[in-house]
Amino acid sequence: MAERPKNNRKSWFRYFQYDEGRESPGDARNVLLIVAGLIAAVTFQAGVNPPGGVWQDDENGHHAGRAIYSYQTREFYIFLISNTVALSTSILILISLTCRFPFQFEIILATASMVVTYASAIFAVTPDDLVKFRYILAAAAAPFAIRCLLQMWNGMKVKVTDGEVDQ
């Protein structure tokens, strides 16, 4: 049976941290799948229904169906880019952790469809003059690009430490 945490905060926090000797990789993967799924759900919903909602009429210089928050340009861009990075990162985690699972093709197809739905919702609620497609695309691609670069870097480090690369 697992050792009970002590009453102070530090040991309580340490008790619930991941421990390779105590948890199996499958358990860690399952926890990561749940957390990544929750992040994907929350960020998708925030993109489809932006904070503050959307205008319901075409009065006073705004247009029905556009995000109310989008009229605060800088703040809306921070929200939009951060939300897109979070969604993209959670999708990367989900795809990585379900690699070689049964129905992997269906998981990737569903995930890609969700990304297209997210993108179309963002462009539907954002005023035309405000959307800078390249920024949103860069935010969505950043986690994948960073992961690829890290993989290449780690591969190069392994080759160098194994003595395969001549200096």
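A cavity here is a set of grid points where a 1.4 Å probe fits but cannot get out. In this predicted model, the count comes to 1 cavity of 30 Å³ or more.

The lining consists of Gly 47, Pro 50, Phe 76, Phe 79, Leu 80, Ile 122, Val 125 and Thr 126. Helix 3 and helix 4 are the elements that give two or more residues to this lining. Helix 3 gives the most, with 3 residues. By class, the lining has 6 nonpolar, 2 polar and no charged residues.

Now follow helix 3 to its contacts. Helix 2 spans residues 25-48, and helix 3 spans residues 73-97. The two pack at an angle of about 145 degrees, and their axes lie 8 Å apart. The crossing of helix 2 and helix 3 is left-handed. On the helix 2 side, the contact residues include Leu 33, Ala 36, Ile 39 and Phe 44. Among their partners in helix 3 are Phe 79, Ala 86, Ile 93 and Leu 97. This contact has 13 nonpolar, 5 polar and 1 charged residues.

Helix 4, residues 104-125, also meets helix 3. Their axes come within 11 Å and cross at roughly 175 degrees. Angles over 145 degrees count as roughly antiparallel, so helix 3 is roughly antiparallel to helix 4. Leu 80, Asn 83, Thr 84, Leu 87, Ile 91 and Ile 95 supply the helix 3 side. Thr 111, Met 114, Val 115, Tyr 118 and Ile 122 supply the helix 4 side. Here the classes are 8 nonpolar, 3 polar and no charged residues.

Definitions and conventions. Residues are numbered from 1 along each chain as its sequence is written. This is a predicted model: local features need pLDDT of at least 70, side-chain atom pairs count only at pLDDT 80 or more; totals for chains, interfaces and linings use all residues. Side-chain values use heavy atoms; hydrogens and water are left out. Axes are lines fitted to C-alpha atoms, for helices over the stretch in contact, and angles run from 0 to 180 degrees between N-to-C directions. Helices (H or I, at least four residues) and strands (E, at least two) are DSSP runs, numbered from the N terminus. A crossing is left-handed if the near helix is turned anticlockwise from the far one by less than a right angle, and right-handed if clockwise. Contact means heavy atoms within 4.5 Å. Ala, Val, Leu, Ile, Met, Phe, Trp, Tyr, Cys and Pro count as nonpolar, Asp, Glu, Lys and Arg as charged, and the others, Gly among them, as polar. Angles under 35 degrees count as roughly parallel, over 145 as roughly antiparallel, 65 to 115 as roughly perpendicular and the rest as oblique. On a 1 Å grid over the protein atoms alone, a cavity is a set of points where a 1.4 Å probe fits but cannot get out, and a pocket is an open set with protein on both sides within 12 Å along at least five of seven lines; lining residues have an atom within 4 Å of a point. Grid points are joined across faces, edges and corners, and a volume is the space filled by probe spheres set on the points.
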